[in-house]
Amino acid sequence: MNYMTQTELNRRFLRNKRIVTAIQWLFAIVVTVFAFYPVYWMLISSVKSQDEILRLQPTFWPREFHFENYINVLRKVNFSRYYINTAVMTGGILLSQIITGIFAAYGFSKGTFKYRDTLFFIVLGALMIPIQVTFIPLYIMFAHWHLTDTYLGLILPEAVSPYYIFMLRQTFMSIDNSYIDAAKIDGLGKTGIITRILSPMCRSTLFTVTLVTFTNGWNSYFWPKIIAKEETHRVLTVGLAKLRDTFAGQGTMNNHEIMAGAVLAILPVIILFFIFQKYMLSGYSKAAMK
């Protein structure tokens, strides 16, 4: 009798487990659909005709594929120049944030100087101050230094990231100091400890914050629109707005070509995300452990 009772309990447990798993899968599918649907709509709209987009009854698959929309966008606006400007700006932001973030995180996690924690809280406070609050004094300062319409003017406001410093500090703190002591015995200085010991051990977090920094830099709109007025330093996000403004005066909006331009703009971000997504999950997990 006891054996039969235990068997029934096992069956009930397995049945409940299957129900919970099914609910989890259903919830995950619903969230995925809601998250991916805007991207899907942008993709299919980029290969539709304008007439099909404006139909009262939406179509969830193009009746005819119009890949010439991408060619038209490349002809009407200087997308190659926008890509170069965005790549230079994003690369400069990445390089400066990596250098400042790694060394600052080492100081705030393994340093022993006075007021270390107080200074770190001040750095964290910068996370709560959006650039919209400080852009007026920033613009006046950059205009005084003749840095408008320059790559340096695009890069400098984002050269230091409190988020980057915070994430790396949390990961550095999870590393035992014995590794650092052993490195010092072997004759390594602080730079060697950072580049040869701590950074390789925190590779997943570095990938995570670097990808986030790349995404933020690539999608940056507010400051580049203010500081770069000329075509020679215009970035992709501002170029997309210019693409919209170019068509706004016509009888009908060229939504299909605007969608094609948006696809071209986000393509590098999507590719990098799919390549490094496993490092992002691991990096956030390690940063949350401390």
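Biologist: What separates Phe-79 and Tyr-83 in helix α4?
Modeller: They are about one helical turn apart, because they sit four residues apart in helix α4; helices are DSSP runs of H or I of at least four residues, numbered from the N terminus. Please note that this is a predicted model, in which local features need pLDDT of at least 70, side-chain atom pairs count only at pLDDT 80 or more, and totals for chains, interfaces and linings use all residues. Residues are numbered from 1 along each chain as its sequence is written, and side-chain values use heavy atoms, with hydrogens and water left out.

Biologist: What kind of aromatic pair do Phe-79 and Tyr-83 form?
Modeller: The pair is tilted, with 6.3 Å centre to centre and 50 degrees between the planes. Rings of Phe, Tyr and Trp (its six-membered ring) pair if their centres lie within 6.5 Å; planes under 30 degrees apart are stacked, over 60 edge-to-face, and the rest tilted. The structure holds 15 aromatic pairs, and ring pairs link Phe-79, Tyr-82, Tyr-83, Phe-214 and Trp-218 into a cluster.

Biologist: Is Phe-79 buried or exposed?
Modeller: Phe-79 is buried, at 2% relative accessibility, whereas Tyr-83 is partly exposed at 26%. Buried means under 20% relative accessible area, exposed over 50%, and partly exposed in between (1.4 Å probe, protein chains only).

Biologist: Which residues have the most contacts inside the largest nonpolar core?
Modeller: They are Tyr-70, Val-73, Val-77, Phe-79, Leu-236 and Leu-243, in a core of 20 residues. Such a core is a set of buried Ala, Val, Leu, Ile, Met, Phe, Trp, Tyr and Cys residues joined through side-chain atoms within 4.5 Å. Its largest share, seven residues, comes from α14.

Biologist: And what does Val-73 touch?
Modeller: Leaving out residues up to four places away in sequence, Val-73 touches Phe-79, Leu-243, Glu-257, Ala-260, Gly-261 and Leu-264; contact means heavy atoms within 4.5 Å.

Biologist: Changing topic, where is His-146?
Modeller: His-146 is in the loop between α6 (131-144) and α7 (151-155), and it is exposed, with a relative accessible area of 67%.

Biologist: What is the phi of His-146 near?
Modeller: The phi of His-146 is near 60 degrees, a positive value in a residue other than glycine. Most residues other than glycine have a negative phi. Asp-149 lies in the loop between α6 and α7, and its phi is also positive, near 55 degrees.

Conventions:
Helix = DSSP H or I, 4+ residues; strand = E, 2+ residues; numbered from the N terminus.
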